[in-house]
Amino acid sequence: MRKYDVVIVGAGLAGLQCSRLLGRAGLKVLLIDRKERLSDSIHTTGIFVRRTLEDFDIPEDCLGSPVRQVTLHSPARRSLELTSPHDEFRIGRMGRLYERFLEQSQQAGVEWMPATRCTDHSLLKDEVVLRLDTKRSSRWVTARYIVGADGASSRVARDLNLDRNSEWIVGVEDVYARGHHGTPRLQCFLDRNLAPGYLAWIADDGDEVHVGVGGYPAMFDPLSALDQFQKSIANDVDLSCSKWRERRGGRIPVGGVLKRIANNHGLLVGDAAGAVSPLTAGGLDPCMRLSTFAAEVITKYLGANDESVLASYSGKLFRTRFTSRIWMRRAIATFNQPALELAFLALRLPLMKAFANQIFFGRGSFPDVGTHRSDYPTVEAARPSVASHIL
């Protein structure tokens with residue numbers, strides 16, 4: 001059997017960030033994903049916020065034009081305009097970004113197995129034995145540690161007896177390539193009929209347009225809601241010259257960071273750990289920060305073989321940051337259309353508009369628990385003091 005220091009299950013943004021850092025730290029890493037090509041079946045809109053772009057090395061050619069303008073719409077389609085003096089958002093070209101991070105991981109020595117599923121495992125005292133299945137063959141490998149980067153319904157979490165997500169929304173969107181350059185703008189629509197418990201959106205960076213809806217799965221039919229939403233905006237948003245590119249969709253955990261996300265056999269990152277803002281459902285900034293911290297913790301743990309190192313990687317330490325957001329989400333989920341309209345009208349008041357600006361443009365995010373920059377040769381080399389995007 002092949003032996004690895006770390007096996008990472010899932011090559012989304014969380015798994016890729018973790019893999020390239022662990023590879024640069026000199027660990028023997030295997031990265032697997034069920035997809036043949038990482039640019040296929042992307043689930044996220046991919047909106048990066050200013051804070052993420054400032055703190056992490058996202059390649060410029062993997063990003064769309066900056067967005068400074070946000071329009072918030074009420075159920076009655078009243079509008080509130082918000083403008084930032086800064087470049088607040090950029091829509092990632094996620095397929096290209098995944099491929100770039102994969103290339104960097106492989107350059108750092110990470111072994112890559114696409115179209116592979118982890119179908120069985122056993123826990124030994126000092127390692128995990130994994131069965132990896134492809135269409136043509138199966139193999140067994142051992143790892144000193146396993147990383148679950150396999151999404152909101154993480155099998156790794158189940159297999160390691162870690163906490164699992166139990167509250168999520170479902171989002172679906174169509175992506176269009178513009179026929180001509182437009183004005184970058186993010187538009188958010190509050191409408192319980194279209195998007196119960198969340199919102200509908202148009203994310204337009206001038207070259208690429210994402211039109212989507214999200215909400216609690218028991219309260220709406222996402223595909224029907226998306227069709228209805230696109231018909232409702234036909235007179236206001238001209239997509240006639242735009243080319244449909246793809247449809248994206250998936251689950252987004254909104255219950256906050258899970259409490260138990262690590263043990264002496266493995267840990268969780270990204271959606272698997274619930275690292276998503278409970279209020280805005282933004283996950284890219286928490287994903288980058290928690291994955292970077294995870295790489296640091298794993299490197300220390302495997303280097304010292306000291307289980308006390310894992311104590312710092314606990315969702316309990318992070319959840320207090322999001323308590324108010326969790327309760328705000330649950331409160332908003334109970335609003336009917338008139339209540340949403342009244343809440344929107346209140347946002348026009350100066351104090352409440354400042355609150356809206358803080359939600360969209362504020363720099364509060366996942367705690368700075370580990371390394372900021374991901375372009376250091378090892379994750380240990382640049383640890384600062386330990387101190388979201390919308391879609």
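Mentor: Before anything else, a residue is called buried when its relative accessible area is under 20%, and please keep in mind that this is a predicted model.

Trainee: Okay, so are Glu208 and Arg93 buried or exposed?

Mentor: Both Glu208 and Arg93 are buried, and their side chains meet in a salt bridge, at 3.5 Å from N to O. The pair links distant parts of the chain, since Glu208 sits in strand S14 and Arg93 in the loop between strand S6 and helix H3, 115 residues apart.

Trainee: How many salt bridges does the structure hold?

Mentor: It holds 26 salt bridges, and one of them joins Arg2 to Glu111, with the closest N and O atoms 3.2 Å apart. Arg2 belongs to strand S1 and Glu111 to strand S7, so this pair ties together parts that are 109 residues apart in sequence.

Trainee: And how accessible is Arg2?

Mentor: Arg2 has a relative accessibility of 39%, so it counts as partly exposed, and Glu111 is partly exposed too, at 23%.

Trainee: Switching topic: which residues are buried in helix H9?

Mentor: In H9, which spans residues 337-346, Leu340, Glu341 and Phe344 are buried. Looking down the helix axis, these buried residues fall within an arc of 100°, so they line one face of H9.

Trainee: What do they pack against, then?

Mentor: The buried residues of H9 pack against strand S4 and strand S5, whereas the face turned away from that buried side carries the exposed residues Pro338 and Leu342.

Notes. Residues numbered from 1 in each chain as written. Predicted model: local features only at pLDDT ≥ 70, side-chain atom pairs only at ≥ 80, totals over all residues. Heavy atoms only, no water. Buried < 20%, exposed > 50% of the residue type's maximum accessible area, 1.4 Å probe, protein only. Helix = DSSP H or I, 4+ residues; strand = E, 2+ residues; numbered from the N terminus. Arc of directions from axis to C-beta. Contact = heavy atoms within 4.5 Å. Salt bridge = Lys/Arg side-chain N within 4 Å of Asp/Glu carboxyl O.
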